[in-house]
Amino acid sequence: IIPDFSVLNINGKLEMRIEKGHNINLNINSYYEGLIKKTNDKQTKIFLKEKINKALWFKESLIKRQMTLKKVVRAVISLQESYFLTGDISLLKPMKLADISSLINMDISTVSRVTNSKYIETSFGTFLMKELFSEAYRKENGKHVSNKYVKSLLKEIIEAEDKLKPLNDEQI
């Protein structure tokens, strides 16, 4: 797995870093720009301008996509700051795509598309961004916790149980 982003804990402050291979550095070949100036053929000029404009549009689209991805990751980091600082799953807050969507003022489908198949590397592991999204479970005291935290507690109980006398569902 090659992460798209790293979240670094530097003296208690979280920093996001885009991993190599995900930085955009595209340029138009100057040879083709020079051809526009050198040629007198109208059709050739039109053709070259059209292709250069398409290339510029493509580059701008990639840059815009990268900016959107950065916005989403920064929003996720801000909502899950305690979790990223510690790696403690009990601090993972319930978070939906809609939460990020409203925070950055973008459509839910955009947030979903941007987070799909993207990996984040942290000091406590590398995982899919989608894994940070979870529903809420309300405890008896009214406090909300992530269902991922509840699942981790269930896993601990099952792993610690006596395998010769497993707990039943009510005991768990």
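Let's start at the surface. L154, I157, I158, L167 and I172 form a nonpolar patch there, with about 340 Å² of accessible area together. Patch members have over 30% relative accessible area and no salt bridge; nonpolar side chains (Val, Leu, Ile, Met, Phe, Trp, Tyr) are joined within 5 Å, like charges within 9 Å. Areas come from Shrake-Rupley with a 1.4 Å probe, and for residues only the protein chains shown count as cover.

A word on the source. This is a predicted model: local features need pLDDT of at least 70, side-chain atom pairs count only at pLDDT 80 or more, and totals for chains, interfaces and linings use all residues. Residues are numbered from 1 along each chain as its sequence is written, and side-chain values use heavy atoms, without hydrogens and water.

Back to L154. It lies in helix 6, residues 147-160. Helices are DSSP runs of H or I, at least four residues, numbered from the N terminus. L154 counts as partly exposed because its relative accessibility is 36%; buried means under 20%, exposed over 50%, partly exposed in between.

Now charges. The structure holds two salt bridges, each a side-chain nitrogen of Lys or Arg within 4 Å of a carboxyl oxygen of Asp or Glu.

Helix 6 has K155 with E159, closest N and O atoms 4.0 Å apart. They sit four residues apart, so about one helical turn separates them. K155 is exposed at 52%. E159 is exposed too, at 53%.

Then helix 2, residues 42-79. K54 pairs with E50 in a salt bridge, closest N and O atoms 3.9 Å apart. Again, four residues, about one turn. K54 is partly exposed at 46%, and E50 is partly exposed at 39%.

How values were computed:
Helix = DSSP H or I, 4+ residues; strand = E, 2+ residues; numbered from the N terminus. Buried < 20%, exposed > 50% of the residue type's maximum accessible area, 1.4 Å probe, protein only.
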